[in-house]
Amino acid sequence: NHIRNRLQQVGIRLLTVADSIEQLPLPRPPSPAVLRSPWFVNPFTDGGMICHYVPQPDRSQKERWLPASYQKLSDQTLLQLPTGDYLWFADRAFYELEPDVAILAMFYQDREAGCPLKIQWNEPQGRLNLAGVILPGTYARWLWCLSEPDTQRYRTRSFQSTNYPLVKKAFERLGCILV
């Protein structure tokens with residue numbers, strides 16, 4: 001606090017790692033600004049497998065993507081095309097989404113449905129298993145800066161015990177449960 005106050009006196013803002021959590025985006029549906037230009041072609045006419053995101057308890061993110069049909073679409077549906085592109089269906093129109101916007105919408109839908117994603121966290125050893133978990137880019141970069149790769153396990157990050165509270169707070173912000 002003493003250093004922070006001294007720096008503020010000369011016009012320098014000190015941002016700690018703990019403060020940076022507040023800069024991470026919250027899960028939310030796509031904003032109207034993002035949805036300003038519709039996708040004019042009905043993606044269901046191409047014949048490929050289109051999936052929609054359905055939050056379900058005790059399911060991985062991958063298992064939450066289920067086959068979709070145009071007839072059963074409801075408003076505010078997140079879709080994934082066979083190409084990996086994301087669409088948002090709202091007001092009887094399709095809108096293309098950037099991946100991070102779509103991923104934040106996934107976490108938002110999980111929260112709204114009361115089906116938080118469970119993330120494997122071995123706290124005694126400081127290991128976070130992110131295999132099969134897609135995170136918004138800002139969260140992934142932030143977590144990667146605080147951790148080291150576990151060379152024995154795919155997509156597992158190792159954290160020092162001093163960073164455990166930060167990891168927990170970041171996943172709370174996404175609405176996930178560390179198990």
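This note goes through the fold, the surface, the charges and the cysteines of a predicted model.

1. Ground rules. In this predicted model, local features need pLDDT of at least 70 and side-chain atom pairs count only at pLDDT 80 or more, while totals for chains, interfaces and linings use all residues. Residues are numbered from 1 along each chain as its sequence is written, and side-chain values use heavy atoms, leaving out hydrogens and water.

2. Fold. The protein has five helices and ten strands. The C-alpha atoms fill a box of roughly 60 × 40 × 30 Å along the principal axes.

3. Contacts. Take contacts (heavy atoms within 4.5 Å) between residues at least 6 apart in sequence. Of these, 61% join residues at least 24 apart.

4. Burial. The protein has 179 residues, and 39% of them count as buried. Buried means under 20% relative accessible area, exposed over 50%, and partly exposed in between, with a 1.4 Å probe and protein chains only.

5. Charges. There are 20 positive charges (Lys and Arg) and 17 negative ones (Asp and Glu), with His and the chain ends not counted. Their mean positions lie 6 Å apart.

6. Cysteines. The whole structure holds zero disulfides, a disulfide being a pair of cysteine sulfur atoms within 2.5 Å. For Cys145, the nearest cysteine sulfur is that of Cys176, 19 Å away. Cys145 is exposed, at 69% relative accessible area. Cys176 is buried, at 9%. Its closest cysteine sulfur, in Cys115, is 12 Å away, so the two are too far apart for a bond.

How values were computed:
Helices (H or I, at least four residues) and strands (E, at least two) are DSSP runs, numbered from the N terminus. The place of a charge is taken as NZ of Lys, CZ of Arg, CG of Asp or CD of Glu.
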